[in-house]
Amino acid sequence: MSIKLILDPILDHLTGNTREMEVEGATIGECLNAAVSRFPSARPGFFQPGGELIDYLNVLLNGKSAFPDELNKKVKDGDEIRIVLIVGGG
Amino acid sequence: MNGWAGQILRVYLTEGKIVKEPLSEEMRLKYIGGRGANSKVLFDELKPGIDALGPENIFCVGVGPLNGTAFPASSRWTVSSKSAVNEGLSDGNGGGDFSTELKFAGYDQMIFYGRSPKPVYLYINDKHVELRDASKVWGKGTHQTNALLAQELREPELRVMCIGQAGENQVRVSKIMTNITRAGGKGGVSAVMGSKNLKAIAVRGTGSVKIAKPKEFHQAVKKAYGKIMASPFYNMFRQEGSLFLIKRYHELGSLPTRNLQAGYFEGWEKLTSEAFEKQFAVKHKGCSACPISCAHYFQVKDPKYGVYSESNEYGTTYPLGPKLGIDNLPAILHMQGICDDLGLDTHACGNTVAFAMECWQRGLLTLKDTDGLDLSWGNADAIIKLLPRIAYRQGFGDVLADGSEKSAQKIPGSQICLKTVKGVEVSALFLGKGMNFVQGLGYATATRGADHLRGGVQMYATGSRRLKETLGVEGAAATIKNPRSIEGKGVFLGLDQKISALFNSLNICAWAVGGLFGGLEPDEIAELYSLATGENSSGDDLLTTGERIYNIEKMIQLRAGFRRKDDTLPPNFLKMEETPRGPTGIDKTEFDNMLSQYYEYMGWDYDGIPKAETLVRLGLPDYAAGYRKHA
């Protein structure tokens, strides 16, 4: 099973400038953990110390918000997960 | 006194008189300093109905109790006056190290009255304060002004706050500059400084700031630095500064393009931090006490656009780039250099030029109107010629010098091109598919007109715990993560506005301390504040102070005649549209509901006027009785 994971541009410094990757997992949480296995430095960019998703990240599953309970949302082969940073101002 | 210097200056320019006064306890404890202290002075002392560019306006410069200490990113200063754009409040907040120098010289605030009969500058060297003849620097740009004053005063360590030719000519789309490239002043406060014949404030300070509990303070400071530097975004922000937003906002459909006619810009890749860094960045540059140093010196060697300057950021790139349809980064950097030297505000000036370019697009302007300049989108070379004409009020430049709303009065049929709230141009963001509605609500309600800095910026980290306490964990997450739902947005914005008032009154950096990167909670800030000043305050106490300041500013705005009908958005934002790239704008009824939600959270009535019980709760009982009658 292959899921496409696309990171917000602001996060790619945590993954050696890799913005898109194929990952495996049955839920969004498993897919993010798969990315962390490949890029351990991405962990603090995704998760709070207790393992919850960082407050100011939004997760889109096939273009739609996965909120609430994002990490437990089921995914299937061919899905696209996009991680978006919430930010304002300038 | 600890934290504060304990002294203010009142400068009577008409008479050439300077009075030193102790900083009052009320001002320290209820308004802190910076923006809070300045707004309080303006509300109490400005006479209603005066001309913003006349001698009766008051110009304030304020710093806070943490400036000049080791508190992280405590480098900011605030300038304020009655607005020359909308008759309400004008203020600006900038960085560098001017605020530190002013504290070292021993002052918390300067209040300028009247109008000098001839151009002057204020020279402060610790206790020595005098008004001096500015004829040598009047008519000069900010670079030369800095150099000439340092030479005249034989003081290489001098720190200078000044206006360029734009401010001298009372151009309303101008800014006040420190450290040559650190700017502040939405609403024409630089023009107010110019109207007073005040060219500059030159400061040398050799003192220090006393700390109530130095050992504990420095331990807490170390912890705060550690938190900021441990952020997973620390390295990214240090490397890219706010320029990372170009890519970010393009992806969110919110990059303001061609005078906010779109949220995507096809040339965005040429303007990213990577493009800048690869071609033009020279080395890092930071403000005082900042662990991030997000700015860069830069150099463009191409002789056509040659420039050596610093602090290229989102706030200089979007208004001179996508907003004007320009994807030529060397030209944008060159224009930034021109703006910094002439003292033109990249936001207000760029946005006003964008308005003129949309007029051109619609055939409302021709070569005959523009003195031969072709204002087609993307024509950087024409804008390079136009900028000095705005600063010197020459020909068509004079038409644009007072901002887009006043320009529209001179260009028949151009109202359709206006993108303003209360006369102030919408800056920084298009209300595109990924942008949180709270930003739009912030534009509509901010106390100085459309304001991208008082609509959600500080909330994602600094305010997130308070947001969860108020709306519950799920409610808080929902309002953040459902950007295009109105749920919880009133609380979201209200909290953010209190925090922004607090940050600008302490004069600490919203990006480094409050945004995603620092994320210090109000309680952590309160601990540092208490250890520095010896005034024990909790996070809630400080937020109440922020709220009090915001209400004072709201009353300044009400006194200018603004009511609920003015808390609105430009027509193209106030309609929901489905586009091939996602929805844009907000439905008007939904916006009205969101506005009511916000007023209720703030304790204001249907028309946006603070209720008497709100003012009493905030320790403003006198205003509760008298002000409402007046309002």
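What does B:R132 count as: buried, exposed or partly exposed, and why?

Modeller: B:R132 counts as partly exposed, because its relative accessibility is 24% (buried is under 20% relative accessible area, exposed over 50%, partly exposed in between, with a 1.4 Å probe and protein chains only). Before going on, this is a predicted model, so local features need pLDDT of at least 70 and side-chain atom pairs count only at pLDDT 80 or more, while totals for chains, interfaces and linings use all residues. Residues run from 1 along each chain as written, chains are lettered from A and ligands numbered from 1 in written order, and side-chain values use heavy atoms, without hydrogens or water.

Back to B:R132. Its salt-bridge partner is B:E130, with the closest N and O atoms 3.1 Å apart (a side-chain nitrogen of Lys or Arg within 4 Å of a carboxyl oxygen of Asp or Glu). B:E130 is partly exposed too, at 24% relative accessibility. Over all chains the count comes to 50 salt bridges. Another one joins B:R159 and B:E157, at 4.0 Å from N to O, and B:E157 is partly exposed at 40%.

B:R465 and B:D523 are worth a stop as well: their side chains meet at 3.1 Å, N to O, in a salt bridge. B:R465 sits in helix α18 (residues 464-481) of chain B and B:D523 in helix α21, so this pair ties together parts 58 residues apart in sequence (helices, H or I with at least four residues, and strands, E with at least two, are DSSP runs numbered from the N terminus). Both ends are partly exposed, B:R465 at 37% and B:D523 at 28%. The pair belongs to a network of salt bridges that links B:R465, B:R466, B:E469, B:D523 and B:D540.

The rings of B:Y529 and B:W4 have centres 6.1 Å apart and planes at 90°, so they pair edge-to-face (ring centres of Phe, Tyr or the six-membered ring of Trp within 6.5 Å; planes under 30 degrees apart are stacked, over 60 edge-to-face, the rest tilted). The structure holds 17 aromatic pairs over all chains, and B:F237, B:F244 and B:W511 form one aromatic cluster. There are charges over rings too: B:R581 lies over the face of B:Y264, at 3.6 Å from the ring centre, and B:K17 does likewise over B:Y12, at 5.4 Å (NZ of Lys or CZ of Arg within 6 Å of the centre and within 35 degrees of the ring normal).

Now B:E405, in helix α16 (residues 404-408) of chain B. It is partly exposed, at 30% relative accessibility. Leaving out residues up to four places away in sequence, B:E405 touches B:L418, B:T420, B:G423 and B:E425 (contact being heavy atoms within 4.5 Å). Its side chain makes a polar contact with that of B:T420, at 2.6 Å (N or O atoms within 3.5 Å, one able to donate a hydrogen and the other to accept it within protein; sequence neighbours count only if both atoms are side-chain atoms). In that stretch B:K422 has a positive phi, near 55°, without being a glycine; it lies in the loop between β16 (420-421) and β17 (424-425) of chain B and is buried at 9%. B:N259 also has phi near 55°, is buried at 2%, and sits in the loop between α9 (244-251) and α10 (273-279) of chain B.

Last, the interface. Here 28 residues of chain A are in contact with 31 of chain B. The two chains bury about 2400 Å² between them, 62% of it on carbon and sulfur atoms (accessible area lost on being put together, 1.4 Å probe, summed over both). A:F67, A:V87 and A:G90 supply 26% of the area that chain A buries there, more than any other three residues. A:F67 is also joined to A:P68 by a cis peptide bond, with omega about 0°. The chains share five salt bridges, among them A:R82 with B:E251 at 3.9 Å, N to O.
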